[in-house]
Amino acid sequence: MSTPIRLLGILCGVCVSQAMGADETADVSARYRALRCPPPVAASTWAIRDRDGANRQVEPYLSSLAQGESGIGTMASPLFVLDVDEIRFTICGHDGPSGGQNENFIALVDARKGEALRKTVAPGNDALQERAWDVRDLRGKQVRIEVSDGDRGGAFAWLGVGQIDAGAALRVDFRQGLPEGWQQSERVVEVRREYVPGTIPFERHVTHQGVIPDKGEVALPCGFRARRLYFLGCTVPAGVPLGTYGAIELHYQTGVVDIVPLVCGFTLEGRGKLLSPSPAMHLAASRDPFEYVLAIAPADEVIEMIRLVANPGRNPIPRISAITCETTADSEHLAPLPREEADTDVSAWLDAHAVSRAAPDRLAIEQQLRQSHRLSVPDEGTPIRFAVHQIDAAFRSEGVAVADFNGDGQLDIAAGHVVYTGPDWKIQPLLGEAQAFPWKGYSDAFLCFDDDIDRDGAQDLIVVGFPGQQTYWLANPGPRGGTWQKHLAIEQTGNESPAYEDVDGDGQRELVFLHGSRCALARPGQDVTAPWQITDIAGPQDPGEGHGLGVGDVNGDGKLDVLGPAGWWEQPSTAGTLPWPFHAAPFYGGAQLCVWDFDEDGDREVLGSSPHAYGIGWTKNTADGWKTTMIDQEDSQTHAIHLADINRDGLMDFVTGKRFWAHNGHDPGSFEPAVLCWYELQRAEGQLRWIKHRIHHDSGVGLHFRIVDLNGDGLLDIVTSNKKGVYCFEQLVR
């Protein structure tokens, strides 16, 4: 176990078998192949970046980290004539591990002779430092400024510049981007690979810290089956337990995607730390003391692609430096590896700790991590419990409707183009074959509502499609059965959170949506098979809400108003008055906007969630205007949000959760657990608070769900449909 890491030499793209030499090519592993990962590309090492050497977020600056710390090259300013006594600038970076290399510096260069007139090396600090040159003796000279990175090392080998002030002739703030006229020398690309021995052998690039680039994602073509996949590295700077920093996606030829989240303390560890003390840790030590091995058990299907991705918009980029596949397949994307030094104990541990789509249980992992790291546990102080029933694992719709569709007295569930008949939830396609959609994409059913549109006594289904596309309704054929007839309702339906409510109180519900850029209502006319009648309630100068809608009595006059994130439309006292008066207000949220008098002071408040970010908040109308108070900022993509008195205490609670992969893995927090939660409203001494209760950790919500007594026991249940499938959460009798 003490065999040192062995360099394969300077390969410049040559595969590992060539580096081993003729006498070693026969001594290759029968089980393992290296997945070819892209080496550093021949591109500039200089760029405007907003990350420092530790991958922390900073203000944009000119940096030589664009191709990693091993990148080298020189960036030069346009020529100018000195007309000041002092040049001031800010500089950061390192000149080797201990300094003194004199390879990373900023210099003032004589334009004619090319010699350095002034020079300052990297300060040995990741933060920008102020420096200055006295240049009064150089007035009138034609010069240029050069920033140079000449250190090929993989650590403490980078340079950065923030601002340069050389008077009117040259004044630069790199936060504004790279100015015109700056030029850089051609970068020399050196690609070196090394062999990391062990029970699982690896081949990695010496000249590249990790496979995941600065942009945060990389797709690696495959085209083969594998028994196991092994990932080397699995670290992140300054990781915190339970922090999710990215994911490994396995894309199969069938269109299915397996996602393994990179969670610190589970499948990821902080650089330079010891492995987590938690038994939940699924990493094994490697021969490199700063890198670990993660084993993944893929499905027995052809892997089309492995995608490595950092958590969008949040946290540093995880380091994965090499991938080994346990496979006998021949592929242009695989390279042979030397014979492994088998250790049966290590092999057995990796097999027992391989992560798959079915195991381990994420909730159990979270609980173990919290206990091991002495972290607080989400509040469980409630007797309310739910039984979880996965009705369908397929992605059918982002919305769901609940009604007695087949007329047998039992409630059924509709999701997209299928109905699940209660109480055994047998699937019934409505338009021929039941259609399922891939995770990496969208369904054509975003919201579903039930109503008897044709007034024949059978509940029909309204399906709101992708934003900007059609809304249609499916006519229930009734007891005779057969295919449901599809009718166009609205040609283009805007917004992601349309509501279906009896807004005007006449006993007929309307669809509240965005008609072009105006908030509008739509309802069937006399001919229910014809497109619906649309009424714009917004004036031509009112905001065109693109994300988020709500219906509620904002001013307490007994009439339902319509809300968007920028304000609300007041329903006039006289029916038919158009447009409705608009009142500007900065409501928090971008999905459903829920209206209620939560603090019982006689005024209505507005509750909202964050569909593509973090946060849940409520907005109150105070003497100083509308003010928002945050309730929770732990979970991202909290899309659909609905009110209900879950615990029957007379106070209005709410339910929400993550809309899993709302933008196909490109939203902040995309790879964090797809939670479903209810928030219990409590009041004491005039103050209110919401207590968060976790219902489930791997399902979440879509764009619309239902809270309804599904089985007639007097308790409220929850029904959801999204990319995780169709679920019923049955509240248990206490």
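**Core, sheet and ring contacts in a predicted model**

Apart from neighbours within four places in sequence, Phe 231 is in contact (heavy atoms within 4.5 Å) with Phe 202, Ile 248, Tyr 292, Val 293, Leu 294, Ile 296, Ile 306, Leu 308, Ile 320, Ala 322 and Ile 323. The structure is a predicted model, in which local features need pLDDT of at least 70 and side-chain atom pairs count only at pLDDT 80 or more, whereas totals for chains, interfaces and linings use all residues. Residues are numbered from 1 along each chain as its sequence is written, and side-chain values use heavy atoms, with hydrogens and water left out.

Phe 231 belongs to the largest nonpolar core, which has 42 residues. Such a core is a set of buried Ala, Val, Leu, Ile, Met, Phe, Trp, Tyr and Cys residues joined through side-chain atoms within 4.5 Å; buried means under 20% relative accessible area, exposed over 50% and partly exposed in between (1.4 Å probe, protein chains only). The members that touch the most others are Leu 35, Leu 229, Phe 231, Ile 248, Leu 294, Ile 306 and Leu 308. Elements that each supply at least two core residues include β18 (228-236), β19 (244-252), β24 (303-310) and α3 (362-372). Helices (H or I, at least four residues) and strands (E, at least two) are DSSP runs, numbered from the N terminus.

An open, antiparallel sheet is formed by four strands in the order β17-β24-β19-β20, where two strands pair if DSSP finds at least two bridges between them. Because β17 and β20 each have a single partner strand, they stand at the edges, and one side of each lacks a neighbour in the sheet. From one strand to the next, the twist averages 15°. Antiparallel strands β17 and β24 are joined by six bridges, and Leu 220 has Ile 306 in β24 as its bridge partner.

Across the whole structure, 21 aromatic pairs are found. Rings of Phe, Tyr and Trp (its six-membered ring) pair if their centres lie within 6.5 Å; planes under 30 degrees apart count as stacked, over 60 as edge-to-face and the rest as tilted. Trp 618 and Trp 690 form an edge-to-face pair, with ring centres 5.7 Å apart and planes at 70°. This pair links distant parts of the chain, 72 residues apart: Trp 618 lies in strand β45 (residues 614-622) and Trp 690 in strand β50 (residues 687-696). Trp 618 is buried at 10% relative accessibility, and Trp 690 is buried with a relative accessible area of 10%. Ring pairs join both to Phe 598, Phe 654 and Tyr 679 in a cluster.

How values were computed
Axes fitted to C-alpha atoms, helices over the stretch in contact; angles between N-to-C directions.
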